[in-house]
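Take a moment with the structure before reading on.

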Amino acid sequence: MTGAGEVSGAGEVSGARRATGARRAPAPPAPAPPAAGRAPRHRPWWTPYLFLAPGLVTVTLFSLWPFVNTVVLSLTDARILRGGHFVGLANYTRALADDDFWAATANSVLYLVVVVPALVLLPLALAVLVQAKVPGIGLFRSAFYTPVIASAVVVGLIWQWVLRSDGLVNTVLQRLRVISEPVPFLTDSRLLLCSAMLVTVWKGLGYYMVFYLAALANVPASLYEAAALDGAGAARRFFSVTVPQVKPMMLLVGTLSAVSALRVFTEIYILGGESGGPGGGARTLPFLIRQVGLGFAGETGYAAAISVLLFLLTLVFSLLGRRLSKGDDA
Amino acid sequence: MSGPRRRAGAGRAGRYLALLLMLVVMVGPVAWQFATSLRGRTENVYAGLLPQRPTFDNYLRVAESFPLPQYVGNTLVVAALSVTSNAVCAAMGGYALSRTGWRGRTAVFTVLVASLMFPFESVMVSMFLIVRGMGLVDTLVGVWLPGAVSVLNLMIMRAAFLAVPQEIEEAAVLDGAGEWTRFTRIFLPGAKGALAVVCITSFMGAWDDFLWPLLVLTGSEHHTLQLGLKTLAGTTTVTDQRIVAAGAMTALLPMVLLFLALQRYFFKGVGEGAVKT
């Protein structure tokens with residue numbers, strides 16, 4: 001499983017790109033017009049379905065059906081080893097009164113609030129930096145992409161030894177006598193969450209940089225020339241030409257990174273351990289879902305309710321992103 | 001004339017300075033871990049940037065903490081299955097999606113796009129129950145199956161087939177080429193680049209995935225490499241940093257080599273499904 005988020009990412013990309021493309025490029029190669037005017041194919045009606053069968057079966061079985069099933073389960077008291085009875089909205093009212101649920105929600109939302117602005121702005125700066133055609137720039141682009149191809153586990157392991165109490169940062173700071181006690185980057189819940197955010201941003205920089213490079217390549221050079229003729233400096237050109245031109249891409253990156261921020265699991269698992277930091281204080285919603293729903297005592301019904309709430313949260317931010325980009329087009 | 005030129009020169013120097021700074025931030029931690037993985041047992045991990053007497057000892061010691069070759073083998077099985085199924089099924093499905101004039105096309109397309117709305121994490125409990133119902137818990141097939149055909153890959157292939165010139169297809173129809181012939185002889189060769197992107201992203205997904213294998217593989221016999229690595233994590237257990245580093249590098253270096261060899265496909269993969277949809 002590459003995970004649905006990346007997949008959903010692609011869907012978002014198509015939407016926003018289509019919007020931007022339509023405005024900017026003369027006309028993208030239009031999808032073939034309807035059958036009218038085309039050579040008759042003599043294609044039996046079921047041929048396309050034969051071609052699509054494996055894909056449709058997989059999507060139905062492992063995406064659509066699980067979602068329907070999750071909604072159904074959320075209304076029952078099912079456990080991992082037995083089916084459940086209909087209990088109405090009891091799981092939802094339980095969640096709303098559950099401190100663990102609110103703590104995990106707060107962590108997930110806090111994660112989003114910190115990580116999204118960083119991942120909208122920093123990769124843009126990075127893209128502007130590597131956009132210049134100077135010698136050796138390809139090398140830098142590739143190097144900045146390294147964290148993207150590393151798995152979340154590898155990235156977690158690497159940063160663990162940077163941030164541990166006996167890790168690189170603490171050792172250096174102690175030797176420089178900046179601090180006397182090691183900073184508990186990984187053993188304090190709040191700091192653990194911040195450390196995971198740092199790792200997420202670090203890993204995402206190169207990924208979204210590539211998005212912005214594509215957007216920057218579409219900005220007409222004449223705009224910069226005109227701005228330069230008007231005597232605009234580099235900073236002025238950035239804010240009055242670059243930013244408005246890549247704004248649709250910024251909204252897209254914002255949406256994508258918001259959705260993936262709500263999905264954070266592995267970083268915290270590796271950095272803070274299986275329990276999600278001391279007392280589970282750094283648990284995010286996916287973390288809670290796994291802990292509640294699986295294992296021998298797994299309360300699948302309750303976990304399903306939290307899953308639905310996570311889905312709704314994701315939906316809110318996706319729609320918000322879409323709304324903003326629509327408003328932008330109008 | 002010397003004024004602007006000197007300013008341009010200063011600008012370029014500033015750019016390189018910023019680039020080098022970012023290089024330290026982005027690659028520094030990775031490079032440091034790589035160096036650590038090559039240090040001898042007695043060598044201080046903070047002793048300079050380069051290991052004094054590089055050794056592969058730590059890589060052998062990783063194999064002592066978990067069955068490394070077996071886990072790599074498991075990962076490769078999942079990756080091989082995933083690459084094959086995604087390449088074949090996404091190509092065929094993407095082809096059907098790119099053709100017009102068949103009944104139900106819009107509905108199918110809508111269903112596929114709708115499936116993109118559900119984040120994996122919000123359906124993973126149900127997915128686990130389904131895989132368990134199929135008797136596939138703790139099997140590599142169970143790890144592979146849900147990602148056998150990803151919608152993203154379908155869309156990438158669809159976009160590639162849409163870009164194949166219509167005239168060629170129409171000529172083939174006039175020559176009496178059937179659907180299958182047109183697909184294999186005309187469309188597939190025209191979409192080789194996209195097919196490479198699909199193969200690479202599928203491989204990378206299978207190699208790097210953690211959460212789903214963690215749920216499915218309850219015993220340790222069928223662990224993938226990423227799951228094996230988690231035994232090296234931990235904030236309280238005192239483990240040898242050199243071994244952890246060697247483990248991380250075992251998972252990372254194959255991807256880096258793949259990336260260096262096939263870079264343009266990696267970058268293409270980020271936007272491909274997108275641009276021409």
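This is a predicted model: local features need pLDDT of at least 70, side-chain atom pairs count only at pLDDT 80 or more; totals for chains, interfaces and linings use all residues.

Start with chain A. It has 13 helices and zero strands. From the N terminus on, its elements read α-α-α-α-α-α-α-α-α-α-α-α-α. Of the 330 residues in chain A, 48% are buried. Now look at contacts in chain A with a separation of 6 or more. Residues 24 or more positions apart account for 72% of them.

Chain B comes next. It has 14 helices and zero strands. Along the sequence, the pattern of chain B is α-α-α-α-α-α-α-α-α-α-α-α-α-α. Here 47% of the 277 residues count as buried. Among contacts in chain B between residues at least 6 apart in sequence, 77% join residues at least 24 apart.

What is the radius of gyration of chain B? It is 24 Å, while a compact globule of 277 residues would have one near 19 Å. The C-alpha trace of chain B spans about 75 × 75 × 35 Å along its principal axes. Chain B is also divided into two parts: domain 1 (2–55) and domain 2 (67–234 + 251–275). The centres of these domains of chain B, taken over C-alpha atoms, are 36 Å apart.

In an unreviewed entry, it lists "transmembrane region" for residues 16–35, 76–97, 109–131, 143–165, 186–207 and 243–262 of chain B. Compare two of these spans in the model. Residues 16–35 of chain B are 100% helix and 0% strand, and the end C-alpha atoms lie 25 Å apart. Residues 143–165 of chain B are 61% helix and 0% strand, with end C-alpha atoms 38 Å apart.

Now bring the chains together. How many residues of chain B are in contact with chain A? There are 88, and they meet 91 residues of chain A. Helix H1 (residues 2–37) of chain B gives the most to the side of chain B that touches chain A, with 11 residues. By class, that side of chain B holds 58 nonpolar, 19 polar and 11 charged residues.

Next, look for the largest nonpolar core. It has 166 residues. Those with the most contacts inside it include Leu157(A), Met209(A), Met157(B) and Ala248(B). Helix H8 (residues 189–217) of chain A gives the most to this core, with 15 residues. Both domains of chain B take part: the core draws at least three residues from each of domain 1 (2–55) and domain 2 (67–234 + 251–275).

Zoom in on Leu157(A). Leaving out residues up to four places away in sequence, Leu157(A) touches Ile270(A), Leu229(B), Leu232(B), Ala233(B), Val244(B) and Ala248(B).

Finish with the backbone. Most residues other than glycine have a negative phi. Arg177(A) is not a glycine, yet its phi is positive, about 60°. Where is Arg177(A) found? It sits in the loop between helix H7 (168–175) and H8 of chain A. Arg177(A) is exposed, because 7 other C-beta atoms lie within 10 Å, and exposed means 12 or fewer.

Asp138(B) also has a positive phi of about 60° although it is not a glycine. Asp138(B) lies in the loop between helix H5 (120–133) and helix H6 (140–144) of chain B. With 17 other C-beta atoms within 10 Å, Asp138(B) is partly exposed.

Note on methods: Residues are numbered from 1 along each chain as its sequence is written. Chains are lettered from A and ligands numbered from 1 in the order in which they are written. UniProt positions are given in the numbering used here, feature names are shortened, and annotations may be inferred rather than shown by experiment. Helices (H or I, at least four residues) and strands (E, at least two) are DSSP runs, numbered from the N terminus. A nonpolar core is a set of buried Ala, Val, Leu, Ile, Met, Phe, Trp, Tyr and Cys residues joined through C-beta atoms within 7 Å. A residue is buried if 20 or more other C-beta atoms lie within 10 Å of its own, exposed if 12 or fewer, and partly exposed in between; C-beta atoms are placed from the backbone. Domain bounds come from an automatic or database domain assignment. Two residues are in contact if their C-beta atoms, placed from the backbone, lie within 7 Å. The radius of gyration is taken over C-alpha atoms; the globule rule is 2.2 Å times the number of residues to the power 0.38. Ala, Val, Leu, Ile, Met, Phe, Trp, Tyr, Cys and Pro count as nonpolar, Asp, Glu, Lys and Arg as charged, and the others, Gly among them, as polar.
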